Amino acid sequence: MAKRPKASSIEPAARQGSRSAPLVALLIVSLLVLLVAAAAAFVALSSSRDGAGAARTLIAISASAAVVSLGLSWVLRGRELEAKEVEGQSVRVSEEELRTILDSIADGIIATDDAGRVVRMNRVAETLSGWRSSAARGKPLAEVLQLVHEGSHTPLDSPLQQVLAKGVTGSLAYDATLVTRDGEVIPIGDSIAPIRGNDGKIAGAAVVFRDVTRERDGETRFRRVLGAAPDAMIIAKDDGCISFVNAQATVLFGYTSQEFATLKVEQLLPESMRGPHAAHRRVYHEDPSVRPMGKGNMPLRGRRRDGTTFPAAISLSPLRTHEGVFAIAAVRDVSAEREAQVELERAKERAEAANRELEAFSYSVAHDLRAPLRSIDGFSRALLEDHGPALPESGRADLETVCAAARRMGELIDDLLALSRVTRGEVRRAPTDLTALARDVASHLARRNPDRTVEVEIAEGLQAQVDPRLFRVAFENLLGNAWKFTRKVGAPRIIVGRKSEGDRAFFVQDNGAGFAMERAGRLFVAFQRLHRDGEFEGNGIGLATVERVVHQHNGRIWAEAEVGKGATFHFTVGEAT
Amino acid sequence: MSQLPPSSSRPHRILLVEDNAEDETLALRALNRAGAPLAVTVARDGLEASDKLRSATYDLMLLDLNLPHVHGLEVLRNLRSDTQIAQPPVVVLSTSNEESDVRSSYDAGANSFVRKPIDARQYNEAILQIVRYWLVLNERRP
């Protein structure tokens, strides 16, 4: 921003003007007003780094234009005097004074006659346009001030004709640029005010313009940021008038930027929401902060130009400027999310239906498969009891095999049912004494296998927030395995403990058969067995069940083992979700 | 094998409600080892069971849940809500051990719930123990 002229630079003019005191006094007053206005513009522009500052710039330039036009009208009147008066000395001095004043102003100033032809230019206008005043004089303003849109470079209509015809003040679009005589393009802000003669008729126009490269840069950056935002961005003032939208907003709502400028934000809402919104807007501007729009689960909707509506997520943030607080609304069409949510709910329903089906299936598995097994075992047993003496030894052995096979299949069915129960059951966590639980499971094992002596050491005070029903299943499997795989060991020993005090990582360790670590990856897969059928009984479902229990508690399970030295199963208990 | 005490005046009367012929045979084989005279009446579905309960009194009822026509639980509820009928202890014999089945059986008024084991020896033992338990308890009642 160029420095404003200091008072000292106009002193010579003021002294010279002493012979035409009234005119000079008026010019000085005009200049002072102009300085004040220019200073206001300077303050506004240098302190505001946002788009709203541009509006203030235009206001300041408009004020300058009005004052300059007032001053110029006196000059034109002076010309008339010059024609009539023989002693026109005072007017010529005033002309010089005026030139000094105009040239000391940092804005470009061009005066036109009532036909829009250039009458005079100040120095800044010459510099900016690249035209010498002498060369420009008499040329139409549009030729000297070639204005184009910043982005498209299409010619801009100057409001000059309107100003001359109607006597109103006009200004350019915010994205105006000036093409200089050398073809250089400079972003400018400008304002045009009518100049009236003594008779009150419009004698011409004063065009005030300035290089707004720096302001435009800041503003361009701001607009680029908003333009790059994935959401539709709408900036509105506290009265609801829309002052800026990005390209996404035009796509989302179907209005052009120009149409948006005539709208209030309420018009972007379905009719039913407009009334309440105006009230909400007032509340927001009393306490502006960054927050999502709408309360709780109230679904917000946006309304497009064609009247259709869409579910919207809207977040608001305040934009404080010298012109007051604006609200920046980021609007997103959440139709896809909503649809995904609906789809998710449908999928959940389908999954639940499938679960119920699975439950019914499990139930019938329990009934329909177990009943014939009972008959196979029961009648084989009956045959042995009633006709055993009549059968050869090998026949009796075959029947025993039939019975054993039926029992194994029964266990398999039971384990599968347990696995499915673990999977579909709800996890109900409660403070659980794992020490007591492990002891209970171990004593059951001891009673079921009275022929074996296993040393079981269970640490005191193992506590966890888990579903006790599920962890009983887990311990039945882990301790059952440890029990099973220590069968061939001289001094079988099982330890249940915790890695360190207060830790939620537990372990079950045995000194049994162990396994090769390279096969550990298959441990937790259902029906995967690491030992041959004849070695250790089992169906390979137990550890899959344990893993599911641990996973349902957001925990992790892993094993360490060595062939012939035993295995340790570690598991953690995670936080409830 | 535990032995049943001989009834003082008459054989213990048992109503076995079972639709599956094989299960019925196995249950009868088990009861035959009771070592005391038992009069076992068999009903093959829920309707028949209700009829038999109305026409005679029993010392114990062994009830399968999965019955045609009228479900075992329904038979049990009807029995418990009918004040005109003498109320025997009821032992539910079920293939399933689903928690829901256990709970609803007790809620309907069952006295015991036994899951039928696949192993015939375990099955015999289970039936004998539970039958003995209820019949002895009956004997001691005034």
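A residue is called buried if 20 or more other C-beta atoms, placed from the backbone, lie within 10 Å of its own.

Once neighbours within four places in sequence are left aside, A:L479 is in contact (C-beta atoms, placed from the backbone, within 7 Å) with A:A438, A:V441, A:A442, A:L445, A:I494 and A:V508.

## The model and chain A

This is a predicted model, in which local features need pLDDT of at least 70 and side-chain atom pairs count only at pLDDT 80 or more, while totals for chains, interfaces and linings use all residues. Residues are numbered from 1 along each chain as its sequence is written, and chains are lettered from A and ligands numbered from 1 in the order in which they are written.

Chain A has 17 helices and 20 strands, which are DSSP runs of H or I with at least four residues and of E with at least two, numbered from the N terminus. Of the 577 residues in chain A, 34% are buried.

## Where chain B touches chain A

In this pairing, 15 residues of chain B are in contact with 15 residues of chain A. On the chain B side, α1 (21-32) and α5 (120-140) are the elements that give two or more residues, and the largest share, 4 residues, comes from α1(B).

Methods:
Buried ≥ 20, exposed ≤ 12 C-beta atoms within 10 Å, placed from the backbone. Contact = placed C-beta atoms within 7 Å.
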